[in-house]
Amino acid sequence: MKQKILDIFCPEGSDIIVPSTEIDIKQHPISGNIESSDNICEMTSEAITPYIMILLKPTSTVFGYMALECMLDAAYQTGAGMIYFDRYQEKGGETIAVPTIDYQLGSIRNDFDFGNVVLVNKNILQSFVSQKNSDNSKRYKYAGWYELRLYISRVSSIFHLGEYMYTEQEHDLRASGEKQFDYVNPSAREVQVEMEEAATSHLKAIKAWIDHTKVEYPEYSSTGFETEMSVVIPVRNRVRTIGDAIESVLAQETDFSYNLIVVDNHSTDGTTEKIKEYTSDPRLIHIVPYRKDLGIGGCWNMAVHDSNCGRFVCQLDSDDLYIDSHTLQTVHDKFMEKGSGMVIGSYMMTDFNLNQLPPGLIDHKEWTDENGMNNALRINGLGAPRAFYTPLLREMNFPNTSYGEDYSVGLRMSRQYHIGRIYTPIYLCRRWEGNSDASLSAERINKNNHYKDTLRSMEIRARQQLVSETSQNQ
């Protein structure tokens, strides 16, 4: 490690503590949003050191013993365009370890967790700014940092050093179940529009962008289906909520035939007995898998390939409810409107007693017919309820997981087929103490995020192949 001087760019009000170091620190407070394009460009004009440090949040950051030396040494050894680290957080009166995950091709969501401290190669930063100036590209108020790290991922490498280098003060004490919907909060709409523009430019640059005029509309066939629509509920140990979910389905009023397939994944808490209370209704099909290695996705596959499955299939989680007796009819009407491969609705966030919780309506209005299939790679979810044309779903199948299985199929479907959207609420998503995603540990969040990044990596590669094949055939 040769660098003895380090430019540190940080938001005004940042408190930086370095216990012991021989490195001469030159601190550059940045006013306004440090992630704006103007501020990213300003760093280039002021930086003199080969690697610069950027602090992304205006908080207290305490570096460990010899941390700066170790961080810079790792940067020089790897030659990375950017390097980030694990850290500790002081949160709610306690200090906790917060590891993060490795960056991969599919890590393009704009909320990827780099922590508060990153090192960026100054030459790459300069080339980024030069390119922006030469092609007179858009200056972002919010997405400048996001655009930069996407650029770095294209022209160099982003390296994760899994060592705890600093402690940051964390002021957001909300549980994970609350934070996960920040990106659809209407107050953040302007931010999300910019993020979508930056992500779309990136997908075009790596030749993974899908042209919406090329999406297909399947021709529906009723051959082989005795029922028009099925609702699928995979369930394990939800005795407290499964009865409400079943009643929500059986109360549906439609001008077509439908049934309910409940895949009871070997419940042990009385759920099985609760389901049997409703089996006098011939519309309810109660399946107990012969296998014991199924996740939610595997339960879905079992239902979809069952002979009782309808021509269309609609999701309902065992915790949740349809908002009224017209949900299935609304979904079916949307299928008939354009001939979509998949239909996704909107939902209200509520507590167990159906009292509305913030942010309230989750309508995913960031989705558009023109770019929704591309923007889907930037966000972590597509909405609910989700419904599919069964023959297509039987070709794709769900991964046998209990997280991200619906997102996986949604990405695959949007790669090729039109997705119909319903922006009025037709579903109630209940958040309560029994929810599996109400408050997750850092390790669990990392595992979930790594898996969805992996799904995006696979999807991007598949889209790159599709784009390449399409261009060769033209």
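User: Where's M66 in this thing?

Analyst: This is a predicted model, and in it M66 sits in the loop between β5 (60-63) and α2.

User: Buried or exposed, or in between?

Analyst: M66 counts as partly exposed, because its relative accessibility is 31%.

User: How accessible is H364?

Analyst: H364 has a relative accessible area of 1%, so it's buried.

User: OK, cis peptides. Which bond into P359 are we talking about, and what's the omega?

Analyst: The bond from P358 to P359 is cis, with omega near 5°. P359 is part of strand β16 (residues 356-362).

User: And the bond from A384 to P385, what's omega there?

Analyst: Near 0°, and that peptide bond is cis as well. P385 is in the loop between α11 (372-375) and β17 (386-389). As a reminder, most peptide bonds are trans.

User: Switching to P50. Where is it?

Analyst: P50 lies in the loop between α1 (37-46) and β4 (51-55). P50 counts as partly exposed because its relative accessibility is 41%.

User: What does P50 touch, sequence neighbours aside?

Analyst: Leaving out residues up to four places away, P50 touches Q3, Y76, V120, N121 and K122.

User: How far is P50 from T470?

Analyst: They're 42 Å apart in space, C-alpha to C-alpha, and 420 residues apart in sequence.

User: Aromatics next. How many pairs?

Analyst: The count comes to 20 aromatic pairs. One of them is Y51 with Y76, an edge-to-face pair with 5.3 Å centre to centre and 75° between the planes.

User: What parts of the chain does that pair link?

Analyst: Distant ones: Y51 is in strand β4 and Y76 in helix α2 (residues 67-78), 25 residues apart.

User: How do Y51 and Y76 compare in accessibility?

Analyst: Y51 counts as buried because its relative accessibility is 4%. Y76 is at 31%, so it counts as partly exposed.

User: And F112 with F114, what's the geometry?

Analyst: That aromatic pair is tilted, with 4.7 Å centre to centre and 50° between the planes. Both F112 and F114 are buried.

User: Which cluster do they sit in?

Analyst: F112 and F114 form one aromatic cluster together with Y84, Y103 and W145.

User: Which way does β14 run against β18?

Analyst: Antiparallel: 2 bridges join β14 (residues 321-322) to β18. L321 has L428 in β18 as its bridge partner.

User: And β15?

Analyst: β15 (residues 342-350) runs parallel to β18, and 8 bridges join the two strands. M349 stands opposite C429 of β18.

User: Why call helix α13 largely enclosed?

Analyst: Because 9 of the 12 residues of α13 (residues 405-416) are buried, the helix is largely enclosed by the rest of the structure.

User: Which residues of α13 are buried?

Analyst: They are E405, D406, Y407, S408, V409, G410, L411, M413 and S414.

User: Last one, E147. Where is it, and in which helix?

Analyst: E147 is in helix α4 (residues 144-155). Its relative accessibility is 17%, so E147 counts as buried; the cut-off for buried is under 20%.

Conventions
Residues are numbered from 1 along each chain as its sequence is written. This is a predicted model: local features need pLDDT of at least 70, side-chain atom pairs count only at pLDDT 80 or more; totals for chains, interfaces and linings use all residues. Side-chain values use heavy atoms; hydrogens and water are left out. Helices (H or I, at least four residues) and strands (E, at least two) are DSSP runs, numbered from the N terminus. Buried means under 20% relative accessible area, exposed over 50%, partly exposed in between (1.4 Å probe, protein chains only). Contact means heavy atoms within 4.5 Å. Rings of Phe, Tyr and Trp (its six-membered ring) pair if their centres lie within 6.5 Å; planes under 30 degrees apart count as stacked, over 60 as edge-to-face and the rest as tilted. Two strands pair if DSSP finds at least two bridges between them.
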